[in-house]
Amino acid sequence: MLVPKRTVDLRRLNHTVLLRHLYLHGPMSRLELSQQTDLSPSTVTNVVTALIQDGVLLETGATKSRGGRPRAILDINAHYGYLIGVDLDETHVQLVLFDLSRRKLKATYDAISPGVKTPEPHIAVVARRVNELIADLPRDKVLGIGVGVPGIVEPHPLLVGGASTWEWRAGSLAERIAHAIDLPVFVENGAKAMALAEAWYGVGRGAQDIIVVLLGTSVGAGVVTQGRLFRGTTNSAGEWGHTKVSLDGRICRCGGNGCLDSYLGVPGILTSWREHASNGLTSADGDQVAALERLITAYRKGDAAAKAAVRDTVRVLSAGIANLVNLFNPERVIIGGWAGLQIGEVILEDVIEGVKAQALPATQASLLIGLSQFRQDAICTGAACLVLDEFLSLSQEFSTTE
Ligand SMILES: [Zn+2]
């Protein structure tokens, strides 16, 4: 029937609007919630009462109002539930356990042997580490596991994660992890997950249009327009790494020519270093993290080949970001990813200058370019936001009020 259905939907919507607002902008009083969400004071009172009864919200104190009674301050109950964010990459598996207020409680990091082409080692590490992280917690308090991965993640029900170098397309990564640990699992591209975290809590907070550029073994971008993640028709929007910067350029791992990924992914940066070396350079080989560190050290010492490789990287990154700026007109561009953070401080000023020279003037009026503040926890934080997003969207499920 139409009328009851509309009533139920409205209540669900009110729960979602109120909890999401309090989560992102709180703590605050009932009156402030009403004023800022345009929900009536009586609706706010009803919804808040239900959420306090369920233990999702707490009254944490009181504020003095002018000439009136003190008003109770509402906040999220940090211990209502726990979230795990996983950064699952070709080189490593990192996990962070957060409480519901996003306070970091515990973390783990495991390096993965180079050349691993199947997901089993990654899944085994995730399962073992999740069980360690939540050993002291009631299992039903764990709201879910968010996993940020490189590459395209196809929409539900075919959640398939995988970088181009992985041969993971046959199975569902989310289902396999969920099977191993028996908890809800949400998988998303790492750059998209990180864009969500930056928009909600990071450098992008307060901005409606932001782009996160992620540099690592591969490269990608997460685009937030009008405060929402831009996914495209099949959730593959943001595959910025495979935009072309040179039609006859390097062969990319996607099979195309001249993709950004083949110049800005760490293997590509190291290839540039080798190409500029006049006689048999070997320090670009081996572990990627260590090799990139050696490149930065050589650059700082004035090594000619290292300087040329960094200059190439700045030129290509500036062009790639300028293209994004021309296409999406963002307020902020945030550079992150393990390699982005490693090399970011060395190249940031030159990249800002490069983008300024190449993006159309009209797109630059309020543009800021900076580095992610989440540092090495960025993707784990973003991945935990996937669980939070689900929790905040489904908050009515936790209410006992009918
Ligand atoms: Zn490509």
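The secondary structure of the protein chain comes to 12 helices and 13 strands, in what is a predicted model. Averaged over the chain, pLDDT is 86, and 89% of the residues score at least 70. Buried residues account for 41% of the 402 residues, and of the contacts between residues at least 6 apart in sequence, 63% join residues at least 24 apart.

One place to begin is an open sheet of five strands, which has mixed pairing and the order 6-5-4-7-8. Strand 6 and strand 8 (185–189) each have a single partner strand and stand at the edges, so one side of each lacks a neighbour in the sheet. On average, and with direction ignored, neighbouring strands here are turned by 15° against each other. Within the sheet, strand 4 (residues 82–88) pairs with strand 7 (residues 142–149) in the parallel sense over six bridges, and L83 is found opposite G144 in strand 7. Helix 6 packs on this sheet, where it touches strand 4, strand 7 and strand 8, and its direction makes about 100° with that of strand 8. Helix 12 (residues 378–393) also packs on the sheet, touching strand 4, strand 5, strand 7 and strand 8, with its direction at about 135° to that of strand 4.

The antiparallel part of the pairing can be followed in strand 5 (residues 92–99) and strand 6 (residues 104–111), which are joined over seven bridges, with V96 opposite A107 in strand 6. These two strands form a hairpin with four residues between them, and in the turn R102 has a positive phi of about 70°.

A further open sheet of five strands has the order 11-10-9-12-13, again with mixed pairing. Its edges are strand 11 (228–229) and strand 13 (368–371), each of which has a single partner strand, so that one side of each is left without a neighbour in the sheet. Strand 9 (residues 210–215) and strand 12 (residues 332–336) pair in the parallel sense over five bridges, and L214 stands opposite G336 in strand 12. Helix 11 (residues 338–358), in turn, lies across strand 9, strand 12 and strand 13, and runs at about 160° to strand 13.

How do the nonpolar residues group together? The largest nonpolar core has 94 residues, and those with the most contacts inside it are I84, V86, V147, V212, L295 and A384. Domain 2 (82–193 + 380–393) and domain 3 (205–372) both contribute residues to this core, which therefore lies between them. A384 illustrates the packing: leaving aside neighbours within four places in sequence, A384 is in contact with L83, I84, G85, V96, F98 and G146. Apart from this core lies another, of 15 residues, among them L33, V48, L51 and I76.

Two stretches remain to be read with care. Over residues 156–164 pLDDT stays under 50, although the model has 30 contacts beyond four places in sequence for them. Residues 395–402 likewise stay under 50 in pLDDT, and for these the model has 18 contacts beyond four places in sequence.

Note on methods. Residues numbered from 1 in each chain as written. Predicted model: local features only at pLDDT ≥ 70, side-chain atom pairs only at ≥ 80, totals over all residues. Pairing = 2+ DSSP bridges. Contact = placed C-beta atoms within 7 Å. Axes fitted to C-alpha atoms, helices over the stretch in contact; angles between N-to-C directions. Core = buried A, V, L, I, M, F, W, Y, C linked by C-beta atoms within 7 Å. Buried ≥ 20, exposed ≤ 12 C-beta atoms within 10 Å, placed from the backbone. Domains from an automatic or database assignment. pLDDT = per-residue confidence, 0-100.
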